[in-house]
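Please look over the structure shown below before reading the notes that follow. The notes are arranged by topic, so that each can be checked against the coordinates.

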Amino acid sequence: MRGYREATVEGSAAALPAAVLAVDRVSVRIRGRAVLDDVSFTIHEGELTGLIGSNGAGKTTLYRVILGLTRPYAGSVSVEGSGLSRTNPLVGYVPQKIGLDADLPLRARDLVGLGLDGHRFGFALPSKARRELVERALEGVDAGRFADARVGTLSGGEQQRVMIAYALVSRPRLLLLDEPLANLDLRSEQEVVELLSRVAREQRVAVLISAHEMNPLLPVMDRVVYLAGGRAASGTTAEVVRPEVLSHLYGHHVDVLHVHGRIIVVAGPSLGSAEAMRAEKADAAADEDG
Amino acid sequence: MSGIVSLVFAPGFFSSAPVRSAVVAGGVVAVVSAVVGVFTVMRGQSFAGHALSDMGTTGGSGAFLVGVSPLWGFVTVSVAAVAAMELIGIRRPRGRDVSTGIVFGAALGLAALFLYWDTTVRNASGAAMTILFGSLFTVSASTVPVVVVLASLSLALVLALFRPLLLSSVSPELAAARRVPVRLVGIAYLLAMAVAVSLSAYTIGAILSTALLVGPAAAAMRLTKSPWATLLLATLLGVAATLVGIVLAYDSYDWPPAGHGWPVSFFVVTLVFTFYLLAGVPQLRRARGDRLPAGRGAVEESTIRGAGKRVES
């Protein structure tokens, strides 16, 4: 697994695949406060990128900007080279856990069907083509066997698979997932990570996964976008997750520890400012969560 | 054979003009209520439905006072109420609760005054009974086309909104990410609900209209897994309750105590409630541990409940 990742990193250094998403100097202010500050990065076809940052680092805001739901104060976002149009079939989005009631009469296949045309007015007449697209999307995420169960009765990992099928059925070029690993048990977490890695490579989709904890993504992550204090650094894990880069982002010294293939980011010894304390706490919490 | 038919359908049932009007108006209203009601239940808006029909009461009783069909009063006021609730802030959950409560309290106060005047000034002693509890048999033949047109409008609106409405009922967040105008869809849906609720308030009574709106949908949701199956079953149950209710009410003219016939609304609502209870039976059996395919949710739930009991005892 690790060897595979390193091979990909070397490959990507030689020839970058086509850029799917370009975020260019984006700043967002909410009630005068800078939530995102001059954030730039690109992500590429067939790659899996981790968007790493503690809670409140601006991950969800960044997603809202990419989806066109929040207007940036400055900067621009383009998908496949063009700005965001009103309905953007190029972007698939899986929000953080959406609480679905067990008594909601909605099978997994119905939800995936909504992913195909849920934004269109009127109702969909049953057609063979539609059914096959839904079927293929469900099988693509190994969700075929619970396609006819109510979505609300499925486990967290199963629901996450269905949501991924929902987002992929319209064949987007970019797939955004907001904390898809939160609240999953270890096994489901691993399964979802492997699935997303497969999706990126087989369907040539650019996948962006936000997480407050990067370790589960390390084996599959091609690139990382690290968010802290509204600012971002991007590149390969080796390029970004270094004390110099992260210290600059956080605005105080942090150490990066490698322990048994895991990476732990901790505030360095030169504590003093309240901000540093907060950052340390946030990271410690993130590590505990993982 | 004809003996059984005449036992079920009392003599004169098929030739009675009020029965004909009741069957057409009741059937059409049942269809709209059921379809609109499925979304009401999915969106957790049955309180809003109830509030709309209560506010409609003001319109219904006011219309009665000036000699217009109560139907127009119901429709005008409940549609206006949607606008008012939207303005006062139906979007924030707490604001929604309080504003709806205050507005409909005031509206019911007015209804009390109008109903009092209906009975004293206009000498219509049955007004309160008709407005609050309705009677399908008093639907005049001339109103039936109006009922059909309004019902078609409401139904057409819901069907036109179908996919974005379903998506935003499942998750407003998913819908917003697909650029569905979630708020606009919500308001348009409330308008369709206002018309549906007015129709059922007119036919089976303001107080009972929510039963016809929510009951068939809730029963159907217990038995089906997909949105379309729920819509179809809810419609079937709603129509069945209404038609059987009409037959029973017609038969009840020969029943004690007075030989005046029992209210249709009583039968309709009781049948809806019975359907709801019966629809819960399979769930109960599942909860007892009779494993059914795809019943995993219920099985887990029963395990948890069982575990809870052990801890308690």
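What follows is a short briefing on confidence, the chain contact, the fold of chain A and some local features.

This is a predicted model, and for the complex the predictor reports an ipTM of 0.81 together with a pTM of 0.83. In the contact between the chains, 28 residues of chain A meet 27 residues of chain B.

**Confidence in chain B**

- The mean pLDDT of chain B is 83, and 86% of its residues reach a score of at least 70.
- Among the elements of chain B, helix α7 (residues 144-160) has the highest mean pLDDT, at 95, whereas helix α15 (residues 296-312) has the lowest, at 39.
- Over residues 290-313 of chain B the pLDDT stays under 50, and for this stretch the model has 15 contacts beyond four places in sequence.
- Where pLDDT is low, the predicted coordinates should not be read in detail.

**The contact between the chains**

- On chain A, 28 residues are in contact with chain B, and helix α3 (residues 108-117) of chain A supplies the largest share of that side, namely four residues.
- By residue class, the side of chain A that touches chain B consists of 15 nonpolar, eight charged and five polar residues.

**Chain A as a whole**

- Chain A contains eleven strands and nine helices, and 44% of its 290 residues count as buried.
- Of the contacts in chain A with a separation of 6 or more, 65% are made by residues 24 or more positions apart.

**A three-stranded sheet in chain A**

- Three strands of chain A form an open sheet in the order β2-β1-β4, and their pairing is antiparallel.
- Strands β2 (33-44) and β4 (74-79) of chain A are the edge strands, each of them pairing on one side only.
- On average, neighbouring strands of this sheet are turned by 15° against each other when direction is ignored.
- Strand β1 (residues 19-30) of chain A runs antiparallel to β4(A) and is joined to it by five bridges; A:Asp24 has A:Ser76 in β4(A) as its bridge partner.

**Helix α8 of chain A**

- Which residues are buried in helix α8 (residues 243-250) of chain A? They are A:Leu246, A:Leu249 and A:Tyr250.
- Viewed down the axis of α8(A), the buried residues fall within an arc of 90°, and they therefore line one face of the helix.
- After α8(A) comes A:Gly251, which has a positive phi near 80°.

How values were computed. Residues numbered from 1 in each chain as written. Chains lettered and ligands numbered in written order. Predicted model: local features only at pLDDT ≥ 70, side-chain atom pairs only at ≥ 80, totals over all residues. Contact = placed C-beta atoms within 7 Å. Helix = DSSP H or I, 4+ residues; strand = E, 2+ residues; numbered from the N terminus. Nonpolar A, V, L, I, M, F, W, Y, C, P; charged D, E, K, R; others polar. Buried ≥ 20, exposed ≤ 12 C-beta atoms within 10 Å, placed from the backbone. pLDDT = per-residue confidence, 0-100. Pairing = 2+ DSSP bridges. Axes fitted to C-alpha atoms, helices over the stretch in contact; angles between N-to-C directions. Arc of directions from axis to C-beta.
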